[in-house]
Amino acid sequence: MKDKTKELENANKPILQRRKHTLAVCPGSFDPVTYGHLDVIHRAASVFDKVIVAVLKNASKNPLFSIEERKDLLIAVTKDISNVEVDSFDDLLINYMNEKNAHVIIKGLRAVSDFEYELQMASLNRKLNEEIETFFMMSSTQYSYLSSSIVKQIAQYNGPVSDLVPREVEHALQVKFANR
Ligand code: PNS
């Protein structure tokens, strides 16, 4: 069989010559942030020098929380992680990455069901800019069933969410649904 070592090395030379990846972007809707998100953010912050949590202003998804509310909740729950910054974007992720001069995207993977969509996004992002790499972190098992949508469903009917989201988020959900 042909030895592909040199081929791979040459193909990736410009990438290998790049600087160390110290800045990572953790993008998402965060409507609202859950303990599952927070787990990935904490772990990313322990690996990279700086992590930007970037909230997508996705009008198409009809979010429960406004962009400012989602950002404020993220700021509140990450306030003790010194190398985490919260921001928002309204663009292709790849354009936002360029703007920030960032080369690493961090995504959490919960189950096999996440894989197909995430593979599609990672592959497309890499096609749009081959200098950008997506790193996946497997969700901690206790959060592998958790999603913002599930949390919203439970909170809507006054179900218990204290094991699923931080206290600030639980309170924000109560206020939101009390006023609906
Ligand atoms: O929390 P979500 O809703 O699963 O996050 C999805 C997100 C924000 C990461 C994804 O929708 C995204 O990157 N959107 C920005 C627009 C974009 O770049 N789309 C093309 C991806 S190939």
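1. In this predicted model, the side chains of Glu85 and Lys50 meet in a salt bridge, with 2.8 Å from N to O. The pair links distant parts of the chain, since Glu85 belongs to strand β3 (residues 84-89) and Lys50 to strand β2 (residues 50-56), 35 residues apart. Glu85 is partly exposed at a relative accessible area of 30%, and Lys50 likewise counts as partly exposed, at 34%.

2. A second salt bridge joins Glu69 to Lys176, the closest N and O atoms being 2.9 Å apart. Because Glu69 lies in helix α4 (residues 67-77) and Lys176 in helix α8 (residues 167-178), this pair ties together parts of the chain that are 107 residues apart in sequence. Glu69 counts as partly exposed, with a relative accessibility of 30%.

3. The salt bridge between Arg43 and Asp39, with its closest N and O atoms 3.0 Å apart, sits within a single element: both residues lie in helix α3 (residues 35-47), four residues apart, which is about one turn of the helix. Arg43 is partly exposed at 28% relative accessible area, whereas Asp39, at 14%, counts as buried. The cut-off matters for reading this pair, because buried means under 20% relative accessible area.

4. As for charge overall, the protein carries 23 positive and 24 negative side chains, and the centres of the two sets lie 3 Å apart.

5. Most residues other than glycine have a negative phi, and most peptide bonds are trans. The peptide bond from Asp31 to Pro32, however, is cis, with omega near 0 degrees, and Pro32 is placed in the loop between β1 (23-28) and α3.

6. The other two backbone points are asparagines with positive phi. Asn101, with phi near 55 degrees, lies in the loop between α5 (93-100) and β4 (104-109), and it counts as exposed at 54% relative accessibility. Asn158 has a positive phi of about 60 degrees although it is not a glycine; its place is in the loop between α7 (148-156) and α8, where Asn158 is exposed with a relative accessible area of 74%.

7. Val112 lies in helix α6 (residues 112-128) and is exposed, with a relative accessible area of 74%. For the protein as a whole, the accessible surface comes to about 10,800 Å², and 52% of that area belongs to carbon and sulfur atoms.

8. Turning to the overall fold, the protein has eight helices and five strands, which follow the pattern α-α-β-α-β-α-β-α-β-α-β-α-α when read along the sequence. The C-alpha atoms fill a box of roughly 65 × 35 × 30 Å, taken along the principal axes, and 44% of the 180 residues count as buried. Among contacts with a separation of 6 or more, 75% are accounted for by residues 24 or more positions apart, and the Glu85 and Lys50 pair, 35 residues apart, links distant parts of the chain.

Conventions: Residues numbered from 1 in each chain as written. Predicted model: local features only at pLDDT ≥ 70, side-chain atom pairs only at ≥ 80, totals over all residues. Heavy atoms only, no water. Buried < 20%, exposed > 50% of the residue type's maximum accessible area, 1.4 Å probe, protein only. Contact = heavy atoms within 4.5 Å. Areas by Shrake-Rupley, 256 points an atom, 1.4 Å probe, with all protein chains shown as cover. Lys, Arg positive; Asp, Glu negative; His and termini not counted. Charge placed at Lys NZ, Arg CZ, Asp CG, Glu CD. Salt bridge = Lys/Arg side-chain N within 4 Å of Asp/Glu carboxyl O.
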